[in-house]
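Biologist: Take me through the charged side chains in this one, please, and how they pair up. Once that's done, carry on into whatever surroundings you think deserve a close look.

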Amino acid sequence: MYSLSGSEDIKYMERCLVLAENGIGHVSPNPMVGCVIVRDGRIIGEGYHIIYGGPHAEVNAIHAVKDKGLLRTSTMYVSLEPCSHWGKTPPCADKIIEHGIPKVVIGCRDINEEVAGRGIEKLQNAGIEVVYGVLEKECIELNKRFFTFYRNRRPYIILKWAQTTDGFIARNDNSSNWISNTYSRMLVHQWRGQEDAIMAGSNTIRIDNPYLTTREMAGKNPARIIIDRNLDLPKNLNVLNDESKTIVFNAKESLTKDNIEYVKVDFKEDILPGILNELYVRKIQSVIIEGGAKLLNSFINSRLWDEARVFISPTLFGDGIAAPVIPGKVIEKTKITGDVLLICNNEQTKTPLLQNEARAF
């Protein structure tokens, strides 16, 4: 039954969303899921999917209920349709049926073809009342990486760069150091720990010699993705150390050496679809593109991006390498000390220039 949500349903689903978000950066390629169990207007158990391979949100919420007999007169709220298949863990739908929970309220259906309505069907066939679609938009947005991965068969692409107020991403001689401030850079390191991978082009790697790891904030290191057509980058670069798995797309060879995987792709064609397909096969659900300008513009021109995060610094260069300009909808503006962070979604709008937004600050 599709939901005509009441205030109580919304309140408990909002709690599910808060819980689910705790799993960011830890559960991929699984989705983030939160669950609460309610009896007589009181939450008696709650849980979320903590780590990939561990118990799912529904199981953790059931475990949190001390008196399991209360489950037979309770309602379960869960942000995503319970799974109906064996994966790393048993089906959550079976666990719900086993404990006799009479009603389940679901935020949104699972898009994974292994579930895709089968969890709801299994619950209904067991005589459980199922309501779905409570805060559906918000539940899908929470797992935008997961839904993009299965819908578009590619990772969720986040473009990230810092630019001056007059619209430059670097000086012509690449002598510029940091454009954004310390606090903005700390936020970027936090983002790295939340995504599966980070990508940079060979020019950026050669000039900046970045680590592309999470160092200034606690969190896991993302997989590092490099495009090095002729495999002529120096072998002592920081991105080729052993701190994280590294994937090098090139035109010469496919092999694995320790933590580095070399993947051969055809550079005679547009390489981005092929690279994204290789990442899809490896179940990499999200990638931050950190530059440089050529790589960022390649994704923009191919329309292969979902979100852009742009730091606008009060710095003025007067001349230099132009920052990308993208069509999209600015959905958030945040001041970070002297910087301004713009977050833009890839939606076709009549106001295509982020540069106009930059000059407004």
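Modeller: Charge pairs first, then: the structure holds 16 salt bridges, each one a side-chain nitrogen of Lys or Arg within 4 Å of a carboxyl oxygen of Asp or Glu. Bear in mind that this is a predicted model, where local features need pLDDT of at least 70 and side-chain atom pairs count only at pLDDT 80 or more, while totals for chains, interfaces and linings use all residues. Residues are numbered from 1 along each chain as its sequence is written, and side-chain values use heavy atoms, with hydrogens and water left out.

With Lys245, the N to O distance is 3.3 Å. That pair ties together distant parts of the chain, 16 residues apart, with Glu261 in strand β12 (residues 260–264) and Lys245 in the loop between β9 (223–227) and β10 (246–250). Strands here are DSSP runs of E with at least two residues, helices are runs of H or I with at least four, and both are numbered from the N terminus. Glu261 also meets Arg282 in a salt bridge, 2.7 Å from N to O. Again distant parts of the chain are linked, since Arg282 sits in the loop between α9 (271–281) and β13, 21 residues from Glu261 in strand β12. As for accessibility, Glu261 is buried at 15% relative accessible area, where buried means under 20%, exposed over 50% and partly exposed in between (1.4 Å probe, protein chains only).

Lys11 and Glu8 join in a salt bridge at 3.5 Å, N to O. They are about one helical turn apart, because 3 residues separate them in helix α1. Lys11 is partly exposed at 42%, and so is Glu8, at 39%. There's a network too: Glu141, Lys144, Glu307 and Arg309 are linked through salt bridges.

Helix α1 leads us inside. The largest nonpolar core has 42 residues, and the members touching the most others are Met13, Ile37, Met76, Tyr77 and Val104. By nonpolar core I mean a set of buried Ala, Val, Leu, Ile, Met, Phe, Trp, Tyr and Cys residues joined through side-chain atoms within 4.5 Å. Helix α1 (residues 7–20) gives the most to this core, namely 6 residues. A second, separate core has 38 residues, including Ala223, Val263, Trp305 and Val310.

Now for helix α7, residues 182–194. Its 13 residues span 19 Å from first C-alpha to last, close to the 18 Å expected at 1.5 Å a residue, the expected span being 1.5 Å times one less than the number of residues. Buried residues of α7 include Leu187, Val188 and Trp191, and also Arg185 and Arg192. Among the elements covering the buried residues of α7 are β6 (156–164), β8 (197–201), β14 (307–313) and β17 (339–345). Asn181 caps the N-terminal end of α7, with a side-chain oxygen 3.0 Å from the backbone nitrogen of Tyr183. Ser180 lies in the loop between β7 (168–170) and α7, and counts as buried at 12%. Beyond neighbours within four places in sequence, Ser180 is in contact (heavy atoms within 4.5 Å) with Ala162, Arg185, Phe311 and Asp339.

Most residues other than glycine have a negative phi, and most peptide bonds are trans. Ser28 and Pro29, though, are joined by a cis peptide bond, with omega about 10 degrees, and Pro29 sits in the loop between α1 and β1 (34–39). Asn209 is not a glycine, yet has a positive phi of about 50 degrees; this residue is in the loop between α8 (202–208) and β9 and is partly exposed at 30%. Arg303, also not a glycine, has a positive phi of about 60 degrees. Arg303 belongs to the loop between α10 (293–301) and β14 and is exposed, at 62%.

Note on methods. A polar contact is a pair of N or O atoms within 3.5 Å; within protein, one must be able to donate a hydrogen and the other to accept it, and residues adjacent in sequence count only if both atoms are side-chain atoms.
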